[in-house]
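Me: Please examine the following structure with me, one question at a time.

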Amino acid sequence: MTSPERSASTRVGEDDRENAVRRVREAYAEQRITHEEMDDRLDRVLAAMTYGDLTVALGALPAEDPGATSTIAVAGGRIRRRGVWQVPRTLKVESAYGRVHLDLSRAVIAYPVVDIELRLGVGNAGVTVPRDAIVEVEGLTTGWKDLRYQPRQPSRPDAPRIRISGEMGYGRLKIRHAWR
């Protein structure tokens, strides 16, 4: 967590704090820590003033996998992923104009938590998630149209968790669960 330019006494920024909160939540989602330990660690992360405090709060958590981020970007046109494909830990989708469709129903999801960050200007987006996936959309802001999503109860405790965040200008995001 600390680097030469970030010593233990350097004050923590909001991005670093949000990253630490995400790491604690992921550790809980992966069942590496208990609910009580997650609460305790989150309290310490939110109260942390320096990188030293954050290091203590994140102690013994698994290291982040830095190579698990992928970006798909186009200025105009369609973005479409379907069939069997490897879903990275973090997928960033950027489009100024055009439609986006991500079908995760047959995709290989190797991570218990997948973050999809949308940065869309004009155009609709659709995301098809596995039947038993848990979908979170708290970090998504829409400008013109609202989100269409009907949550479903997960059928197994180790169901993949899909977190969708980002910004959409003029367009609607429709999320649906696959039938199979």
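Me: How many helices and strands does the chain have?
Reply: This is a predicted model, in which local features need pLDDT of at least 70 and side-chain atom pairs count only at pLDDT 80 or more, whereas totals for chains, interfaces and linings use all residues. Residues are numbered from 1 along each chain as its sequence is written, and side-chain values use heavy atoms, with hydrogens and water left out. Helices (H or I, at least four residues) and strands (E, at least two) are DSSP runs, numbered from the N terminus. The count for the chain is three helices and 12 strands.

Me: What share of the 180 residues in the chain is buried?
Reply: Buried means under 20% relative accessible area, exposed over 50%, and partly exposed in between (1.4 Å probe, protein chains only). Among the 180 residues of the chain, the buried share is 38%.

Me: How many salt bridges does a search of the whole structure find?
Reply: Side chains of opposite charge can pair when their charged atoms come close. A salt bridge is a side-chain nitrogen of Lys or Arg within 4 Å of a carboxyl oxygen of Asp or Glu. By that criterion, the number found in the whole structure is 11.

Me: How many residues apart in sequence are the parts that Arg163 and Glu26 tie together?
Reply: Arg163 and Glu26 form a salt bridge, with their closest N and O atoms 3.2 Å apart. Arg163 belongs to strand S11 (residues 161-170) and Glu26 to helix H1 (residues 14-29), so the pair joins parts whose separation in sequence is 137 residues.

Me: Is Arg41 buried or exposed?
Reply: Arg41 makes a salt bridge with Glu37 (2.9 Å, N to O). The two residues both lie in helix H2 (residues 35-47), four residues apart, about one turn of the helix. Glu37 counts as partly exposed because its relative accessibility is 29%. Arg41 has a relative accessibility of 7%, so its class is buried.

Me: Why does Arg44 count as partly exposed?
Reply: Arg44 and Asp40 also meet in a salt bridge (2.9 Å, N to O), and both lie in helix H2, four residues apart. Asp40 counts as partly exposed because its relative accessibility is 38%. Arg44 counts as partly exposed because its relative accessibility is 32%.
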